[in-house]
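Please open the structure in a viewer and keep the selection tool at hand.

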Amino acid sequence: MLPGDSQPVMVQTRRGPVECVSLGEGPAVLALHGAMGGYDQASVLARTAGVPGFRYIAISRPGYLGTSLSLGRTPAEQAELYRDLLDALGIERVAVMAISGGGPSALQFALSYPERCWGLVIISSFHSRFAGRLPMAWYILKLAVRFSPFVTAMQKRKARQDPERASRRSITDPVLRARTVNDPEAGPLLREVQRMTYNRMPLRMAGTENDIALTSSELSLPLERIKAPMLVMHGTKDSSAPYAQAQQLAARVPGAELLTLDGGEHFCIFSHLDEVRARAGRFLGAHAPRAS
């Protein structure tokens, strides 16, 4: 477990208050969650893909939990907010570790503020338009959140009582799912994320809907201009963010590294925990700024 304060604080920035927690000590790493997230899920990202020896700043992105969507709807606005947060915290440079919907703003941060970014770790994310069909479960979930809090409470209870069943949407391969759920470290981390998703769910919806709209828009990021070292990690069977996104991203960013996680789905940080953590640890260790 990374040392730090599990209770979030509201940091006042030029744009407005941002919710975050700090874990660990060392060179700074900004942890960015994806859809249905918040600082709590960003902290799980740090504890899953991260290694000791770094200070992870896990935030609630705009539209999630305590951070208002008005602080940044676009990747450019969110990147500006990250800069302002670093200024408020007195942090000069960071690496950015982003998963899923956190990816576009992480890439934009490296483009907009290259002098503030010493590395990028992009996991199960995207960089260009993906117009895949949303599952029916998403629309049912939206209705449940808006009209029946008892339904979400029931789903949370089911996830707690039967974690293997609750993981079926996250990891569809039965062998991989059973291995992950029964793993002494990956299993509890996955269950923690599942419980978090149903906790204060209405406060996660605005950001999630904004992220979904973003995936359907035309992202035109000049990836060839990114100067920060970058590690891309992605599963070959990811249906939420196709593996081709990772291949294209790694091909366009000069010097980028690509870790292909064979058979990995969107939750590959749990199903392929050892590979993800080992590679991320080597990457961060190799590029972290040295103490003067």
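Please note that the model is a predicted one.

**The sheet**

Begin by selecting the strands of the open sheet, of which there are eight. Read across the sheet, their order is β1-β2-β4-β3-β5-β6-β7-β8, and the pairing is mixed. Which strands form the edges? They are β1, residues 9-12, and β8, residues 257-261, each of which pairs on one side only. On average, neighbouring strands of this sheet are turned by 25° against each other, with direction ignored.

**A pair within the sheet**

Next, select residues 17-23, strand β2, together with residues 55-59, strand β4. These two strands pair in the antiparallel sense, over four bridges. In general, the strands of a sheet pair through backbone hydrogen bonds, and the sense may be parallel or antiparallel.

**Helix α2**

Select residues 75-89 to show helix α2, which has 15 residues. From its first C-alpha to its last, α2 reaches 21 Å, close to the 21 Å expected at 1.5 Å a residue. Colour the buried residues of this helix: P75, Q78, A79, L81, Y82, R83, D84, L85 and L86. Then step just past α2 to G90, where phi takes a positive value of about 75°.

**Two loop residues**

Select S100, in the loop between β5 and α3 (103-112). Although S100 is not a glycine, its phi is positive, at about 50°. Is S100 buried or exposed? Its relative accessibility is 16%, so S100 counts as buried.

Finish at R200, in the loop between α8 (186-198) and α9 (205-215). R200 is a residue other than glycine, and its phi is positive, near 55°. With a relative accessible area of 35%, R200 is partly exposed.

Note on methods
Residues are numbered from 1 along each chain as its sequence is written. This is a predicted model: local features need pLDDT of at least 70, side-chain atom pairs count only at pLDDT 80 or more; totals for chains, interfaces and linings use all residues. Side-chain values use heavy atoms; hydrogens and water are left out. The expected span of a helix is 1.5 Å times one less than its number of residues. Buried means under 20% relative accessible area, exposed over 50%, partly exposed in between (1.4 Å probe, protein chains only). Two strands pair if DSSP finds at least two bridges between them. Axes are lines fitted to C-alpha atoms, for helices over the stretch in contact, and angles run from 0 to 180 degrees between N-to-C directions.
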